[in-house]
Amino acid sequence: MPELPEVETVSLGLQKRALGRRILAVEIRHPSVIVGSPEQFTAGLEGRTIVSVQRKGKVLALELEAENGPPRYLLVRLGMTGQFTVLARETPLEPHTHVLLALGDREELRFRDVRRFGRLRCCTREEMQAAFDRLGPDAQQVTEEQFVSAMRARRGAIKSWLMNQQLLAGLGNIYADESLFVAGIHPLVQPGRISARKAGRLFRAVRKVLDHAVKLQGTSFRDYVDIEGRPGNYEPRLRVYQRTGKPCRRCGRPIRRMVIAGRSSHFCPKCQPRPREVARRRGLPH
Ligand SMILES: [Zn+2]
């Protein structure tokens, strides 16, 4: 599933390839990826120019300006397998291409999504703002103070806290696992029980992991590609995610996997020791 670095890569690609361009025509091949009526979606986009691309967490908003009238926004959630590519109009359609936006008469912005969990919505500035306001601070923009204070008195597992989009927007399974490894924190620790010093370490780990992954255009699991159709380059850098049984890059111990709130978590049992309170809660020997 695309997380912040992949969505940021798509955002940078859209800024490069789609900014300042006018949407001449809209073709919807599979209306289930559109929120609201396909007719309204088409009417809201056609003839408008893409004047900015904004991102908060994993959500994108393309600002669409018309010659008269207020701007509209194309709100994009890539879901699990959503892809945006800019291609010449004569390029053969790949299967699962659901929406085509003609940019000028030579190129198209195509939305493809195998699993169809992605969503495109045409909305007003207020609706776009409301969608952004429902999210916590962006994981690349959040300050250390906001981050640390949001952890106070929180129960549950730190892994789930990191992935809760209403508290912190942008992290999913991959970068939550990677950040916890870098910070040396076990995924089951309660956020409220993490010391200020360790919370600061986790804040810096999140920032470092995300910045590095953005530089390498993200990680390609499932179908993620950038706007030119290229996969990301972060996968060889992964330290724990989907490396179950492989040696830890720091200490050599095999990486372990456990299920937390229905999602796989990957961690090193030596570099991310399980604190006593976790062992007590789960009734496990230390
Ligand atoms: Zn280790």
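Mentor: The site of the zinc ion is tetrahedral, with angles of 98 to 113° among its 4 donor atoms. Four donors count as tetrahedral if all angles lie between 85 and 135 degrees. Keep in mind that this is a predicted model, where local features need pLDDT of at least 70, side-chain atom pairs count only at pLDDT 80 or more, and totals for chains, interfaces and linings use all residues. Residues are numbered from 1 along each chain as its sequence is written, and side-chain values use heavy atoms, with hydrogens and water left out.

Trainee: Which residues coordinate the zinc ion?
Mentor: Cys-248, Cys-251, Cys-268 and Cys-271, each through SG, at 2.2 to 2.4 Å. Donors here are N, O and S atoms within 2.8 Å of the metal (3.2 Å for Na, K and Ca), and sites may look incomplete because water is not among the atoms.

Trainee: How are the donor residues spaced in sequence?
Mentor: The pattern is C-x2-C-x16-C-x2-C.

Trainee: Is Cys-268 buried or exposed?
Mentor: Cys-268 is buried, because its relative accessibility is 0%. The cut-offs are under 20% relative accessible area for buried, over 50% for exposed, and partly exposed in between (1.4 Å probe, protein chains only). Cys-248 is buried too, at 5%, whereas Cys-251 is partly exposed at 30%.

Trainee: How many disulfides does the structure hold?
Mentor: It holds 0 disulfides, where a disulfide is a pair of cysteine sulfur atoms within 2.5 Å.

Trainee: Okay, zooming out. How many helices and strands are in the protein chain?
Mentor: There are 8 helices and 10 strands. The radius of gyration of the protein chain is 21 Å, close to the 19 Å from the globule rule for 286 residues, so the chain is as compact as a globular protein of that length. For the terms, helices (H or I, at least four residues) and strands (E, at least two) are DSSP runs, numbered from the N terminus. The radius of gyration is taken over C-alpha atoms, and the globule rule is 2.2 Å times the number of residues to the power 0.38.

Trainee: What does the C-alpha trace span along its principal axes?
Mentor: About 65 × 35 × 30 Å. Of the 286 residues in the protein chain, 53% are buried. Among contacts with a separation of 6 or more, 63% are between residues 24 or more positions apart, with contact meaning heavy atoms within 4.5 Å.

Trainee: Which residues other than glycine have a positive phi?
Mentor: His-96 is one of them, with phi near 70°. His-96 sits in the loop between β5 (82-88) and β6, and its relative accessible area of 36% makes it partly exposed. Ala-261 also has a positive phi, about 50°. Ala-261 is in the loop between β9 (256-260) and β10 (263-267), and at 69% relative accessibility it is exposed. Most residues other than glycine have a negative phi.

Trainee: What about His-98, buried or exposed?
Mentor: His-98 is buried, with a relative accessible area of 4%. Its place is in strand β6 (residues 97-103). Leaving aside neighbours within four places in sequence, the contacts of His-98 include Glu-27, His-30, Phe-111 and Asp-113.

Trainee: Last one: where is Glu-126 found?
Mentor: In helix α3 (residues 125-133). Glu-126 is exposed, with a relative accessible area of 58%. Glu-126 and Tyr-73 are 53 residues apart along the chain, and their C-alpha atoms are separated by 9.7 Å.

Notes: Tetrahedral: all angles 85-135°; square planar, octahedral: opposite > 155°, others 65-115°.
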